[in-house]
Structure formats: C-alpha cells, structure tokens
Amino acid sequence: MGTKTVDEAGAETGAEAQRDEQTVDVTKTDATTDDVTGTEPQGVRAEEQDEADADLVDGDDTTAAGSTGVGQGAAAVVSAGLGIVSLTGSWVSTVAAARETLVGQLQTSQSASVAKQVKEVYGDAWAVTALIGGLFALAALIVGVVVLVRPAFGAPGKPQAPWIKSVAWAGVSLGVVGLILAVAKYSDLLLGLPSTS
C-alpha cells in the first residue's frame, strides 16, 4: 500500500506539473502571439511617431535650405565666370571690335592723316573691346555682391555655405580687376595707340 500511495502521490504530482506546464505554455503562447501581431505598448508607438515627425520636419528644412543654397551657389559661379570673361575677352568683344574696324575703314578716306586712320581703324576697336570687357566686369561685380549680401535679406539663422562665399568673393575680385583694366585700356593708360608723329 505504501507503494500505491507513493504512486498516487506521484501521479498527482505529475498531473499538477502538467497543469502548471500547460499554464506556462498558454502564457508563452500569448506572448508569442503578441510578438507575431506586433502589439506594442502605446508609449513606445507615440515616441517612434514623434521621432518620425521630427525627421520629416528636419528633412523639409534641409530641402528648403538646399534649394536656396543652390541658387546662391549658381549665382556665385556665374559671377566668377563673368569676371574671367572680362579679363580674357569674349566673342562679343571680338565681333564688336571687328565691326568697329570695318566701320573705321569705310568712313576714313585714304587722304586722311595717319593719326586719324590709326584712331578710326584701330583705336575705336580697342575702345569697344575695353568697353565690353568693362561691362562683363561690372556684371561680375554686381552679381558677386548680391550673392554676398543675400543672407542679410533671407531667413535669419541660416548661414551661407563657405564655398559660396569663396566663389562670390572670387567673382567680386575678378570684377574689380576687370573694371580697372577696362578703364586703363579705354583711357589709353594701358597699351595706348602708338604715336604717329
């Protein structure tokens, strides 16, 4: 009998253990179901939504700043390009100089003095080249200055990219040099007409 009691107790213990395991399994199954369905506490979802909203706002600000930066950068590059053209010349100045030479040849008679012929044929063409170079230099100077002062009239707190400032300053510098050279050429201080006397 004693053995029987032990067996009964063992059977009871085994049944209780099975019930406990089933209870534990049910709890595990519920936890697994929550994981599979993606159920999360409301606090975690709210925090993730706030982070996503913040990223979206930051992205919009970056896009807006990038678009204004692109325009300013393009204008700075244009300013530097105009400054280079003012120093090296352009097809516009070449064509205008050739036209002025032709006009001078047509309007000057062969009986005119040598000084007048040199002035009409070569001097006027040189002055036109200087004038067009000066216009390119002035355009470079104006565009560069506008790019540099633009942040003062834009949205406060948005700094201008350093490369934009550098290129704009290059355009302003080239414009100033181009203007000085244009004035010197136009007034015959630089490479003036030779003396005919």
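**View 1. Confidence across the predicted model.** The mean pLDDT of the protein, where pLDDT is the predictor's confidence in each residue from 0 to 100, is 74, and 63% of its residues reach 70 or more. Because this is a predicted model, local features need a pLDDT of at least 70 and side-chain atom pairs count only at pLDDT 80 or more, whereas totals for chains, interfaces and linings use all residues. Residues are numbered from 1 along each chain as its sequence is written, and side-chain values use heavy atoms, with hydrogens and water left out. Where pLDDT is low, the predicted coordinates should not be read in detail.

**View 2. The helices of the protein.** The protein has 5 helices and 0 strands, where helices (H or I, at least four residues) and strands (E, at least two) are DSSP runs numbered from the N terminus. Of the 197 residues of the protein, 23% count as buried, a term that means under 20% relative accessible area, with exposed meaning over 50% and partly exposed the range in between (1.4 Å probe, protein chains only). Among the contacts in the protein with a separation of 6 or more, 81% are accounted for by residues 24 or more positions apart.

**View 3. Helix α4 against helix α5.** The axes of helix α4 (residues 114-153) and helix α5 (residues 162-186) come within 7 Å and cross at roughly 155 degrees; axes are lines fitted to C-alpha atoms, for helices over the stretch in contact, and angles run from 0 to 180 degrees between N-to-C directions. That makes α4 roughly antiparallel to α5, since angles over 145 degrees count as roughly antiparallel, under 35 as roughly parallel, 65 to 115 as roughly perpendicular and the rest as oblique. The residues of the contact of α4 with α5 divide into 18 nonpolar, 6 polar and 2 charged, where Ala, Val, Leu, Ile, Met, Phe, Trp, Tyr, Cys and Pro count as nonpolar, Asp, Glu, Lys and Arg as charged, and the others, Gly among them, as polar.

**View 4. Helix α3 against helix α4.** Helix α3 (residues 91-107) and α4 pack at an angle of about 155 degrees, with their axes 8 Å apart. That makes α3 roughly antiparallel to α4. Residues of α3 including Val92, Ala96 and Gly104 take part in the meeting with α4, where the residues include Val121, Ala125 and Ile132. The residues of the contact of α3 with α4 divide into 7 nonpolar, 5 polar and 3 charged.

View 5. Ala140 lies in helix α4 and is buried, with a relative accessible area of 0%. Leaving out residues up to four places away in sequence, Ala140 touches Ser79, Leu82, Gly83, Gly171 and Gly175. Ala140 and Leu174 are 34 residues apart in sequence and 7.5 Å apart in space, C-alpha to C-alpha. Phe136 is also found in helix α4, but Phe136 is partly exposed, with a relative accessible area of 22%. Not counting residues up to four places away in sequence, Phe136 touches Leu82, Val85, Ser86 and Ser90.

Conventions: Contact means heavy atoms within 4.5 Å.
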